[in-house]
Amino acid sequence: MTVESTAARKTTRRSSGAKRAAGAGAAASAKKSQASEPELVQLLTPEGERVQHPEYDIDLSADELRGLYRDMVLTRRFDAEATSLQRQGELGLWASLLGQEAAQIGSARALRDDDYVFPTYREHGVAWCRGVDPANLLGMFRGVNHGGWDPSTNNFHLYTIVIGSQTLHATGYAMGVAKDGADSAVIAYFGDGASSQGDVAESFTFSAVYNAPVVFFCQNNQWAISEPTEKQMRVPLYQRAQGFGFPGVRVDGNDVLACLAVTRSALERARRGEGPTLVEAFTYRMGAHTTSDDPTKYRADEEREAWEAKDPILRLKAYLEREGHADAAFFESLEAESETLGKRVREAVRSMPDPDHMAIFENVYADGHALVDEERAQFAAYQASFAEEGN
């Protein structure tokens, strides 16, 4: 045997060994990847089949199931009407919740009346469950008011346009609730994009350190406007909670039953004094970020089509029909109710009066303030000058 052939054999052995090592490494990596795949709490499959979960489960009556379905259908109808109104020039902007109905309705129906909600600007389904008139949501988007409802009436805060800041408000409020000795809880809604904001990180820190009774409910619709989640984070979003010292859980955001069960559990944990929980509702924004956005520029049609097959309303309808919990009369009646709601909202928006110019000075301080009084008088004189010029 020549020296060359011996060297060649050694090279071959080293090469084979390297390949085996590489193969073993790849297999281990794949195994590790599979093992680290996020667990998704699901109670209702996309086909509408009921499944069990060892930790999260609920037993709902037929009436309660029909109620959840009604909430989602009417919320979607209202949302569609608002989108149409914006396209017709009746609203300046609209942020659709299309596809996120289960996450919002499921989580909101887990709340008690004395719990407090801090929304973003897309929680129309949560507002519906808190008893806020849908027409009141549209005043801000029409530009005739700064919110349209009294937050203390429904324990539902005004919409927050600044991304992520409401999590700080929720944390502070929850810390106050704990100091008051109340057993109510607080919930803060935000999106996957907002989770990259410093305000959210600060909220996590304070809520963990002070054991605040707050649930952080993140609707991960996978797109922060035009940025997908893979460009926002390197780990599943719910796992971020571990670094702050409290639990996180990922739930099927298109499964209204799972969203209800997981949120109810997190709220009960908060009420027991066990601190915050991060709930990641894994869902999909089937519409545009807002009506000023064109998602076709950054998303593939195939992606949306795949998620349409997981539609939260269709899966609950399939379950209701399979189990005999709803008949044709129920669905027909609900369709008529949804059309009535759309008409009422449309008429309400078109008849909204122009805002009172002096309203901006109201509710600035709890009590009177000399500077505000001075500014109010100056502005009133300024407005009056136009009438004098007209004469």
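Predicted model: local features only at pLDDT ≥ 70, side-chain atom pairs only at ≥ 80, totals over all residues.
Residues are numbered from 1 along each chain as its sequence is written, and side-chain values use heavy atoms, with hydrogens and water left out.

Start with the overview. The protein has 14 helices and 7 strands. Of its 391 residues, 46% are buried, meaning under 20% relative accessible area, with exposed over 50% and partly exposed in between (1.4 Å probe, protein chains only).

Now helix 7. This helix covers residues 165-180, 16 residues in total. From first C-alpha to last, helix 7 reaches 23 Å, close to the 22 Å expected at 1.5 Å a residue. That expected span is 1.5 Å times one less than the number of residues.

Which residues of helix 7 are buried? They are Ser 165, Gln 166, Thr 167, Ala 170, Thr 171, Ala 174, Met 175 and Val 177. Their cover includes strand 1 (116-118), strand 2 (186-191), helix 8 (198-209) and strand 3 (214-220).

Next, the cores. A nonpolar core is a set of buried Ala, Val, Leu, Ile, Met, Phe, Trp, Tyr and Cys residues joined through side-chain atoms within 4.5 Å. The largest one has 69 residues, and Tyr 69, Leu 138, Leu 257 and Leu 316 touch the most other members. Helix 10 (residues 256-271) gives this core its largest share, 10 residues. A second, separate core holds 21 residues, among them Met 175, Val 200, Ala 212 and Met 233.

Take Leu 138. Beyond its neighbours within four places in sequence, Leu 138 is in contact with residues including Phe 78, Trp 94 and Met 352. Contact means heavy atoms within 4.5 Å.

Last stop: strand 6, residues 248-252. Why is strand 6 largely enclosed by the rest of the structure? Because 4 of its 5 residues are buried. Strand 6 runs parallel to strand 7 (residues 277-282), and 5 bridges join them. Two strands pair if DSSP finds at least two bridges between them. Val 249 has Val 279 in strand 7 as its bridge partner. From strand 6 the chain passes through helix 10 to strand 7, a right-handed β-α-β crossover. Right-handed means the path from first strand over helix to second runs clockwise, with the strands pointing away from the viewer.

Methods. Helix = DSSP H or I, 4+ residues; strand = E, 2+ residues; numbered from the N terminus.
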